[in-house]
Amino acid sequence: MNKRVVITGMGVISPVGNNVNDFWNNLLAGVCGIDFIKAFPTDDLPAKVAGEVKDFNPADYGVEPAFARKQDKFSVFAVAAANEAIRQSGLKASEGEDGNIDPMRFGVYVGSGIGGFSTQYKESEKMIKDGAKWISPLFIPTMIANMAAGNIAIRHNLCGPCVPVVTACATSTHTVGEAYRAIMHGYADAIIAGGSEAATIPLGIAGFANAKALSRSEDPKYASLPFNANRGGFVMGEGAGMLVLEEYEHAKARGAKIIAEVCGYGNTCDAYHMTAPRTDCKTQAAAVKMALEEAGYNPSSDVLHINAHGTGTALNDSLETKTFKMALGDDAYKAHICSTKSMTGHMLGATGAVEAIAAVLALTNGIVPPTINLDTPDPECDLNYTPNKPEKVDLTIAISDSLGFGGHNGCVAFRKVEE
């Protein structure tokens with residue numbers, strides 16, 4: 001028998017809040033976390049705005065200064081968010097009397113789209129200017145994209161399956177989905193799943209901008225414009241999102257507070273183009289359908305919320321609208337959809353987990369966050385994208401979808417917990 005999988009902890013570091021409560025309250029208030037880039041000069045860069053993490057002191061989130069100095073920022077964000085999620089879950093991986101889960105049964109599925117980009121950039125500069133002898137001995141173990149997962153496992157004694165995923169912007173939707181499957185089929189009792197990214201560096205801005213992906217707006221509060229006719233590309237974001245997934249009976253036996261149930265997952269590949277989404281939307285719609293069918297979605301009785309990928313690029317938003325119509329038929333017009341990227345920017349490998357958390361909070365609180373700045377809807381994007389103000393709705397099911405470079409598609413589904 002398939003086991004039920006629930007969420008018992010969540011953690012967020014984001015441009016609109018560095019814990020789950022602040023993140024959620026700012027989403028509902030329509031707070032835009034995008035501003036002019038503060039971390040480095042942008043005079044020679046084609047894009048000058050980003051969703052940077054603000055007021056982040058690692059020590060405030062259980063991350064020691066020595067660790068923060070030695071590690072890339074993507075690992076620091078990951079550990080900080082994981083600390084919040086594991087603390088909320090109440091799980092302690094130990095074979096001693098103080099433990100409540102076998103370390104061999106607690107895993108880590110945490111990925112990053114790029115990994116230690118800042119470290120790679122700095123060490124490459126040193127190599128070019130000063131030569132090989134000045135490269136840090138920590139360069140490789142700091143830069144590699146699996147190290148966020150490794151650091152979380154080391155810190156919390158998590159000896160179960162550890163599977164970092166790298167699927168660009170779909171990374172942490174896939175980590176959540178694959179962790180769900182691993183627990184459902186009995187390979188672990190709990191897994192912390194999520195993603196982290198810190199790619200807001202000059203090389204990252206230049207690369208995405210020259211690929212014609214970034215907004216070049218010089219008004220930071222009107223730069224990330226999902227489903228808007230005036231959209232001109234996505235805005236870089238950074239941060240981390242983590243969810244503790246746990247087998248239902250295990251959580252129930254220890255008296256854990258259960259937040260929501262993970263109940264569906266779809267994973268497909270466009271097999272089409274390195275950066276452009278498939279135009280017939282066949283594979284994207286299949287991922288959404290898989291998640292909904294596994295979740296037992298019934299259009300006649302369910303009230304559906306979708307946290308859309310909603311990047312603000314010309315192709316994504318129109319084709320994602322088409323995807324929802326293909327997956328849902330006329331019922332797409334009844335769905336309550338939003339893009340929280342309008343406030344956070346695009347957090348790349350972290351975006352799937354962060355948006356999954358937003359979808360869970362919308363479901364459990366009965367409030368759909370707004371898509372801010374949706375003042376001029378694109379006629380091709382004619383679904384209910386919750387423009388500008390949150391909407392109270394008695395939701396019964398929520399999904400979050402992500403679409404990544406390379407054609408990677410993922411979708412996860414959630415329900416309120418029923419005994």
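This is a predicted model: local features need pLDDT of at least 70, side-chain atom pairs count only at pLDDT 80 or more; totals for chains, interfaces and linings use all residues.
**Group meeting: the sheet and its helices**

Strand β12, residues 397–404, runs antiparallel to strand β13, residues 408–415, and eight bridges join the two.

Now the helices that lie on the strands. Helix α7, residues 171–184, packs on the sheet and touches β1, β4, β5, β6, β7, β12 and β13. Its direction makes about 115° with that of β7, which is residues 260–269. Helix α3 lies across β1 (5–13), β5 (190–197) and β6 (239–247), and runs at about 135° to β1.

What is the strand order of the whole sheet? From one end, it reads β4-β5-β6-β1-β7-β13-β12-β8-β9. That is nine strands in an open sheet with mixed pairing. The edges are β4, 106–111, and β9, 336–338; each has a single partner strand, so one side of each is left without a neighbour in the sheet. From one strand to the next, the twist averages 25°.

Next, helix against helix. Two packed helices are described by the angle between their axes and the distance between the axes. Helix α3, residues 73–89, packs against helix α6, residues 147–156, at an angle of about 45°, with the axes 9 Å apart. The two are therefore oblique to each other, and the crossing of α3 and α6 is right-handed. On the α3 side, the contact is made by Phe 74, Ser 75, Ala 78, Val 79, Ala 82, Asn 83 and Ile 86. The α6 side brings Met 147, Ala 148, Asn 151, Ile 152, Arg 155 and His 156. By class, the residues of this contact of α3 with α6 are eight nonpolar, four polar and one charged.

The other pair is helix α1, residues 20–28, with helix α13, residues 351–365. Here the angle is about 75° and the axes are 11 Å apart, which makes α1 roughly perpendicular to α13. From α1, the contact uses Val 20, Phe 23, Trp 24 and Leu 27; from α13, Val 354, Ile 357, Ala 358, Leu 361, Ala 362 and Asn 365. Nine residues of the contact of α1 with α13 are nonpolar, one is polar and none is charged.

Last, the annotation. An unreviewed UniProt entry gives residues 2–416 as "domain: Ketosynthase family 3 (KS3)". In the model, the end C-alpha atoms of residues 2–416 lie 18 Å apart, and the span is 33% helix and 18% strand.

Note on methods
Residues are numbered from 1 along each chain as its sequence is written. Side-chain values use heavy atoms; hydrogens and water are left out. Axes are lines fitted to C-alpha atoms, for helices over the stretch in contact, and angles run from 0 to 180 degrees between N-to-C directions. Helices (H or I, at least four residues) and strands (E, at least two) are DSSP runs, numbered from the N terminus. Angles under 35 degrees count as roughly parallel, over 145 as roughly antiparallel, 65 to 115 as roughly perpendicular and the rest as oblique. A crossing is left-handed if the near helix is turned anticlockwise from the far one by less than a right angle, and right-handed if clockwise. Contact means heavy atoms within 4.5 Å. Ala, Val, Leu, Ile, Met, Phe, Trp, Tyr, Cys and Pro count as nonpolar, Asp, Glu, Lys and Arg as charged, and the others, Gly among them, as polar. Two strands pair if DSSP finds at least two bridges between them. UniProt positions are given in the numbering used here, feature names are shortened, and annotations may be inferred rather than shown by experiment.
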